[in-house]
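I wanted to see what packs against what here.

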Amino acid sequence: MSLVAFQQLILDDHNVHGENKHSLHKKFHPMVASNPLSSPNGHCLGGSYSALWTPIDMYLEDCLDGSIAATNSIEILSGLVKALQAVNRSSWHDAFMALWIASVRLVQREREPIEGPVPHLETRLCMLLSIATLAVADIIEEADSRCGETDLSSHWKQKTATDDLRKELMLSLQALGDYESLLVPPPCIISAANQAASKAAMLVSGINSSSGYMESINETGNMRHLIVESCISRNLLDTSAYYWPGYINGHVNSMSHAIPSQLAGWAAFMKGTPLTQSLVSVLVSSPASSLAELEKLFEVAVNGSDDDKVSAATVLCGATLLRGWNFQEHTVRLVVKLLSHSDPADYSGRESQLIKHGPMLNVILTGISPVDYAPIFSFHGLVPELATVLMAICEVFGCLSPSVSWTLGAGEEISAHTVFSNAFILLLRLWKFNHPPLEYCIMGDGAPVGSQLTPEYLLLLRNSQVLSASSSSKSRSSQKQLPVTSSRSSQNPIFMDSFPKLKLWYRQHQACLASPLSGLAHGTPVHNIVDSLLNLMFRKANKGSTSIGSVSGSSSISNSSGPGDDGSHLWPQLPAWEILEAVPFVVDAALTACSHGRLFPRELATGLKDLADFLPASTATIVSYFSAEVTRGVWKPAFMNGTDWPSPAANLSMVEEHIKKIVAATGVDVPRLATGGTTLGRLPLPLAAFVSLTITYKLDKASERFLNLAGPALENLAASCPWPSMAIVAALWTQKVKRWSDFLVFSASRTVFHHNNDAVVQLLRSCFTSILGMSSTSLCCCGGVASLLGHGFGSHCSGGLSPVAPGILYLRIFRCIKDCSILAEDILSLLMLSVKDIAETTVSRHGSDKLKRTKYAMGHGKISLATAMTQVKVAASLGATLVWLSGGTTLVQSLFQEMLPSWFLSAQDLDRGGASGGTVYKLGGHALAYFAVYSGMFAWGIDPTPVSRRRERVMRSHLEFLASALDGKISLGCNMSLWRAYVSGFLGLVVDRAPCLLHEVDLKVLKKLSIGLRQWKEKELAVAILCRGGPEAMGVAAELILDSEW
């Protein structure tokens, strides 16, 4: 290596923004660096450049599956974009463009969403107009902060790079305007888009809009106008964007003036107009348009009269929270701040200051209960903090009797039970409460990502966030910080011991999952409550001669209600925690009586509904009891024959046909449902009781909180039962709510994969073939995202329900797969199988015999190999995304430390018969290299300071394995061409795109790697590894340069 080349390596090592990284990477390995495409606007090919950004689409779609994550989507998304920009060696223009297109596609996939208890379009709009914009802000602000931390000699380079980022953002948004069909707004936001376009037109025309009056403007907006407004509000752009060519295309007619009611309402509020019922109705349906309006709303909620507090909280949780995209990150924090209105460190029963705020707390809890709200808090990373304040509310109001009540302005009366139940049900939805006990008991590290969420874990996350916020120097310099959101409600760590009543209930909940109920003694307060509740639930059944025994079997329920007495006034006026302690024994006694014929199924369902109506929070314990008992398998089955239990026969065949149509694109066979005989509709007794309870509810706002908790629990419970339990449940619910038919059938179709590992592998295979354009059953023959994710699901397509793309199906089923570690091995095998297909189909275009001739290979083979390499990268990125989303960092760690080493140690025959001329091994090695690098970057990022110590341990371990193999201490079983391609490809990518990873590796390991590469004649890469290893490694690099062998 020449001295000039060595000096260039040193210069490149200090080039933070990597202007010369592409050329450097070409030096390390020309085959890996080949990239014939340079724009996401290219042809729709499975191996095209645009398909390399598919991980963004996959992550965004995964966020919308309905489960609540305790992570921060802004940080994850910004890290994902940075990783892809690095590995793909793209410009920031392309990276931002890919993010916008993926986010818009996310919205367009559900333009006409199906009905059901799942997040809808509002959540997707939040991802596009708030989270994606904040992710871009995070990237730019990181560059700004890095610019401020550098010394003066390099400050100008950093400042130029920061300015370039903003310019690239502007250019990407200008280019986004070319995708007119993709930017057509859904009907629900057409007005908002037109208003954003009109605002720009007024400014360009020189018309003052500060008065709130909107001129009559013929301006049609699209989603780009909303994206630009979101960027302007966060200081990523300025109003010069309004002057972009083609940004506005209408004309202003200032002859007539009109003031929209929503603008008039907010203007009146800012002028001090009292919050009357009519004004509240206007404000709750239209979002605030400025931070000043938001701040005043919060001020009223804190310092106003009791009625004004309730009104302000109502407005805050309306359209302002749901559609106030331009400052949603502030709104969600204000809501959490209001829920932690008092100092939680000083509360004690009735003395708690939370009690006097009961009406306002109830309004907020009710307002954020719909299914579209919880994901918004999750996206912004507030689930741990929200869960903590909900725990405090539950602890306080659960200790109050229902006689503690408040009368609202409209005359409605709410009790402590109401506030407690709303907080308790929302709290349970924030952790994996509705998942079968299997995940907590035996799955361990093989459990799907996120399934380990528990109250203790949420508190640990919250404490970690508090510690991180107090010690971190990072701040969002470009965003205006509201003073009230700059600090958390408490800076002290909080543990489960702070909530003794909640901790006691949670222990009982865990005990209920682990073993059958026991320990109820006669004469205890709990036993008396059990008898009282059973009497009231089944007072009509008790009027006969049959008695319903308690769980101990030694007591019976007497008829405590006289003739004609409905018993409504006899419900125990006890604190909620005391009632919840008795509920498992109540449900057990009722189910036992039903199984022995002492209670009719209809009476069981009615009695349980009465209990849930009395204390809605008891729904949680009912759900947990039924879930636990189903997994125990000790109950006799219930025959859904239409006499004792409801029958699914009317809709079961329809459900079967629709399931077949949904999974048609995967090639998976659907087991028969309509088999005839008594097995047609048979469910485990606890599941039959649970589904019977759920269908007793009407689909109205009052029942929404119950169904939001019970619905997902019922789906997960039925999915864990033998086939066709979920299909039967779907058929029963379809009879009750026909408009939920599509949602229910889709839910049933997912269970086809829950009980059949071969079907899961076939689904994964369909994901690979669809994105590569090699599938005969794909929805789109051109491959890429269009084939992988399609257009969502629903019956809005012609011909009713359409086949669902394999990517969508997988993202909706992987959380119920019993062991994700086995899944990762399948993904690795399918990746290599895809590489084999790529090698054979690509090489055959020119003939493998011709490729053996050097001149022809140089003239023609390079194009073929470049195309093949692009497809290999697409397949590798998909495989890494599937592993990362399915098992998180734990599964990625297993990939590096177990699966990849095992692959190299074993013999693999990828080129049986020599069909590819050995090319498959080279492509396979590079596929594994990209697969590993993508997986590591997705899991731990590429920032110099790792978010987890695990990255350092894993990378050190993996590089030690590579060094030992190069040193001859480990005997490999794989093909040596594959091994060499992997080592040079992996190390080349790390050196070029994530050199910070090498700083975490011992110098001895780096030296071994460098010596091994030198023996392969990879001299430049060998020196580059040492140059990227930090100052300590420079001396060793210099020694190698001076060595005569170089």
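I started with one side chain in this predicted model. What is phenylalanine 986 in contact with, leaving aside its neighbours within four places in sequence? I found Phe896, Ala929, Ala932 and Val933 on the list. Met955, His958, Leu959 and Leu962 are on it too.

Next I looked up the core. Phe986 is among the residues with the most contacts inside the largest nonpolar core. Ile56, Phe397, Phe424, Phe904 and Trp979 are the others named there. This core has 341 residues. Its largest share comes from helix 39, residues 854-905, which gives 20 residues. I noted a general point beside this: in soluble globular proteins, nonpolar side chains tend to be buried together.

Then I picked a pair of helices. Helix 20 covers residues 416-429, and helix 31 covers residues 701-720. They pack at an angle of about 30°, and their axes are 10 Å apart. Why do I call helix 20 roughly parallel to helix 31? Angles under 35 degrees count as roughly parallel, so this pair qualifies. The crossing of the two helices is left-handed.

I listed who makes the contact. Helix 20 brings Thr418, Asn422, Ile425, Leu428 and Arg429. Helix 31 brings Arg705, Asn708 and Leu709. By type, I wrote down three nonpolar, three polar and two charged residues.

Last, I took the whole protein. I recorded 45 helices and six strands. Of its 1046 residues, 58% are buried. I also checked contacts between residues at least 6 apart in sequence: 77% of them join residues at least 24 apart.

Conventions. Residues numbered from 1 in each chain as written. Predicted model: local features only at pLDDT ≥ 70, side-chain atom pairs only at ≥ 80, totals over all residues. Heavy atoms only, no water. Core = buried A, V, L, I, M, F, W, Y, C linked by side-chain atoms within 4.5 Å. Buried < 20%, exposed > 50% of the residue type's maximum accessible area, 1.4 Å probe, protein only. Helix = DSSP H or I, 4+ residues; strand = E, 2+ residues; numbered from the N terminus. Contact = heavy atoms within 4.5 Å. Axes fitted to C-alpha atoms, helices over the stretch in contact; angles between N-to-C directions. Parallel < 35°, antiparallel > 145°, perpendicular 65-115°, else oblique. Left-handed = near helix turned anticlockwise from the far one by under 90°. Nonpolar A, V, L, I, M, F, W, Y, C, P; charged D, E, K, R; others polar.
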